[in-house]
Amino acid sequence: MPVKSYIAFPRVGMKEQLIEVLKKTPHCEVMPALNKDVLVLVTDTADDQEEEALRQILYGIKELAHLNLVSGYSDKINQTDEKSSEHDNE
Amino acid sequence: MTMNRRHFLKKAAAASAMAAVAAMLPGVLFASDIESDHFPPGIDWTKAPCRFCGVGCGILVGVQNGKAVAVKGDPNSSVNKGMLCVKGYHQTMCISSADRLTKALVKKHGKYVETSMEEALDLVAAKMKETIDRHGKDAVAMYTSGQSTIPEGYVASKLMKGAIGTNNLECNARLCMASAVAGFLTTFGADEPMGCYEDIDHANVFILWGNNMAEMHPVLFSRLLDKRLTRKDVSIIDLATRTTRTSKAADKSILFKPQGDLAIANAICYELINNGWVNKSFVEKHVVFRKGKTDIGYGLEDKFAFKDEAQPIDFEQYKSFLEDYRPDKVEALTGVSAGDIKFLASLYGNPNKKVVSFWCMGMNQHTRGTWMNNLVYNIHLLTGKISQPGNGPFSLTGQPSACGTAREVGTFTHKLPKGVVTNKKHRELAAKIWKVPYDRIPDKPTYHATEMFRAVDRGEIKFIWIQATNPLVSLPKTSRYRPGMQKKSCFIVVSDVFPTPTTDVADVILPAAWHIEKSGLYGNSERRTQYWDRMTDAPGEAMPDAWMTIEVARRMGYGDLFPYSKEKHHEEIYNEYRQFHAGKQHNMAPLAILKKRSGVIWPYIEETGKSTLWRYNSKYDPACDPDKDFDFYGNADGKAVIWQRPYEAAPEMPDNEYPFWLNTGRVIEHWHTGSMTRRIPVLHQAVPHAYVELHPDDARQLGIVNGQKVKVISRRGTTILPASINERGLPARGQVFVPFFDEKMLINDVTLDAFCPISKEPDYKKCAVRIEKL
Ligand code: SF4
């Protein structure tokens, strides 16, 4: 059940278009900065396959210049997800 | 509950990313309210100070089923008002790292063998005792940390100075804050800043002296940026040797040549006097002028000794000394135009502007670090811009309790919990509170940090116990001190949470409890003492450092001096320690108050129950003589000192063989030597290894491209790192920068162990290297 957050940099002058594309992309929640050309993207997928499929979609978005992974919660990465797994199984 | 849990995870992930963006692009704003509480029910939130830097942000740790599951900023903390940086949010994620030390390890026939804590502590006590019996008490030493809690530092001091009777106690804060301490003591006669973070809310101008605040004090820097956004009359000036994220966010970035800061500060004072911007009445009432020795050396040789001698001078003598520092005369030396120096002076000199100077390692890790601290105080004293809301010099600390533990408890060779070992009254007070014979506390300091590890190398120290620090990554010139520590002549005990290059050379490794696995107190940069309660259990046999010290003390026969209980020892120790600071000048808040509040700034005023926000100003500080407007009561005459301190060159400068200056430092994602943050996946992934920043023109000339492996070579050693060109920071031509967090790319094998002869703090910012392609 991966939840990941990224810093997304739009191509020059394409911030608004990128926001629109990401809003329509499944499993994505977008939080644009108010005063800089940068967005925070949070993805929430069911499993690793869905996560990988989403990653391919994101890499194909032409308005997106650069994507930086910041935070990932998954069983493999850290304790926080251990807790989430427990809850998800309840 | 599942929905809530997912929501919480998404909020936490978003918060981390926003914090990361804020660090990358200071001043960035998001509409989403990341602090709103969308956490699932059943989480207990407990307050604490952040484990990492000296800003001392208040955190709330969420615990569920005995595990830390989340961290958020404490909205009640006036330090950070709910904000945290990327390290702060992720701090608890290192706790359950797979290689966590949970059992004592004793080296037997070259191999580490798991041993019970009881047995390991027996061995430590026996070895310490045996070493004292055979070689004398100055053959044993303790080296502790600005990350030790106040109780941990206190019992270390009591064991070494009060019980055993040796001043062989030092701590890693010597490497980061000693020049600040020496600066405060020589100018004001008392340590620690007069102001507080609330200065940020009042100032118009922030002048950052060699301080990459955007990365090193990120939450404070956000407060500066916030002020600039909300008020029109705020500007930030970055004065540095390298272009950093701070320079990019500043209103003006001024680059100077390494060591040129000494001449810049004097040139600013020249301008203040020359333009009639001196606050004459303040200077007449509250200041005296002195000069000290010059050509004072660099401590490069073992057993280097230096003692400054102050001589009184008058204003006219000081004024004529400054003639050599006319702005146009120092342009070549500093690399700063006369125009820019005059601009800086005009900011300090403008009576309508409130100015705060901030600094940290750039000025402290300096072979003339004490002088540099004195010189910035000179500027504020000449203009009278000191000890008032929004006006003041503000020395920031690096570590979370460099102030609270290292400086206030006094875990340095020359210090006692109150005062210094050379002062008879201070020794008498310590002996009385510790209930030990007065003559047991020696009246002479022994080894400062660098000299302590030289003494290990020379074979003089035969037993050393290192707690909560990693000197074989953080000392300068580890190329000498690592082989020194590998010698059989010294028995080495290391208490830590994780394995490090320092535990690698230990004879005994003791597993330590982490931050929230014990109760404790830290003191941050603004004199704020913060208490926290234990929140989770330490794994295996890990225990608080203070309790290890107590157990060893008891085994050595000092049980009567350490009558503390296991459950409440931190409280009992704090209550005992508080007696040292009784009185108006340094009164510490009672524990009951600290438990309720997100910290209290000392001196705590009993009558009002409030913090003292600005010391030495009788409007705010009841310790002042009420008949004076300002009273620098650390000095017997109530006056601060303006010091005549010249420019003197660095000990090692670039030449034909080693043509580059090497500067070292930190990055926002990693805490010091990385032993914790490199075990936090998010932070490790963000900056997985060190690098060497080069100016693009230098890189081109050397035929080096971004990411290419290069050798950084000095007269001491070599390190191989990938080149970083036009990435995070931009060194000036002829300079390179390397962060020191990476134990696999040890830049301190290359650095020089020269130090300030007054403070004994090493200079990690300047030595000569050459760069070779692999
Ligand atoms: S600024 Fe310092 S104290 Fe605050 S969250 Fe970051 S590391 Fe912790």
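# Reading chain B, feature by feature

Modeller: Let us start with B:Thr131, which sits in helix α3 (residues 117-135) of chain B; helices (H or I, at least four residues) and strands (E, at least two) are DSSP runs, numbered from the N terminus. This is a predicted model, in which local features need pLDDT of at least 70 and side-chain atom pairs count only at pLDDT 80 or more, while totals for chains, interfaces and linings use all residues. Residues are numbered from 1 along each chain as its sequence is written, chains are lettered from A and ligands numbered from 1 in the order in which they are written, and side-chain values use heavy atoms, with hydrogens and water left out.

Biologist: Is B:Thr131 buried or exposed?

Modeller: Buried means under 20% relative accessible area, exposed over 50%, and partly exposed in between (1.4 Å probe, protein chains only). B:Thr131 has 6% relative accessibility, so it counts as buried.

Biologist: Which residues does B:Thr131 touch?

Modeller: A contact means heavy atoms within 4.5 Å. Leaving out residues up to four places away in sequence, B:Thr131 touches B:Gly136, B:Ala139, B:Val140, B:Lys462 and B:Phe463.

Biologist: How do I read the contacts of chain B as a whole?

Modeller: Look at how far apart the partners are in sequence. Among contacts in chain B with a separation of 6 or more, 73% join residues 24 or more positions apart.

Biologist: How many helices and strands does chain B have, and how does its radius of gyration read?

Modeller: Chain B has 26 helices and 29 strands. Its radius of gyration is 25 Å, close to the 28 Å that the globule rule gives for 774 residues, so chain B is as compact as a globular protein of that length. The radius is taken over C-alpha atoms, and the rule is 2.2 Å times the number of residues to the power 0.38. The C-alpha trace of chain B spans about 70 × 60 × 55 Å along its principal axes, and 67% of the 774 residues count as buried.

Biologist: Which domains does the assignment give for chain B?

Modeller: Domain bounds come from an automatic or database domain assignment. For chain B the assignment gives domain 1 (1-38), domain 2 (104-176 + 400-563), domain 3 (179-396 + 634-644) and domain 4 (660-773). The centres of domain 1 and domain 2 of chain B, taken over C-alpha atoms, are 40 Å apart.

Biologist: Where does B:Phe30 lie, and what does it touch?

Modeller: B:Phe30 is in the loop between α1 (2-24) and β1 (44-49) of chain B. With 15% relative accessibility, B:Phe30 counts as buried. Beyond residues up to four places away in sequence, its contacts include A:Met31, A:Pro32, A:Ala33, A:Leu34 and A:Val40 from chain A, along with B:Met18 and B:Val21.

Biologist: What should I look for in the backbone angles?

Modeller: B:His109 has a positive phi of about 50° although it is not a glycine. B:His109 lies in the loop between β4 (104-108) and β5 (111-115) of chain B, and at 83% relative accessibility B:His109 counts as exposed. B:His672 also has a positive phi, near 45°, in the loop between β23 (660-665) and α25 (681-686) of chain B. At 15% relative accessibility, B:His672 counts as buried.

Biologist: And which peptide bond is cis?

Modeller: The bond from B:Trp602 to B:Pro603 is cis, with omega near -5°. B:Pro603 lies in the loop between β21 (600-601) and β22 (640-644) of chain B.
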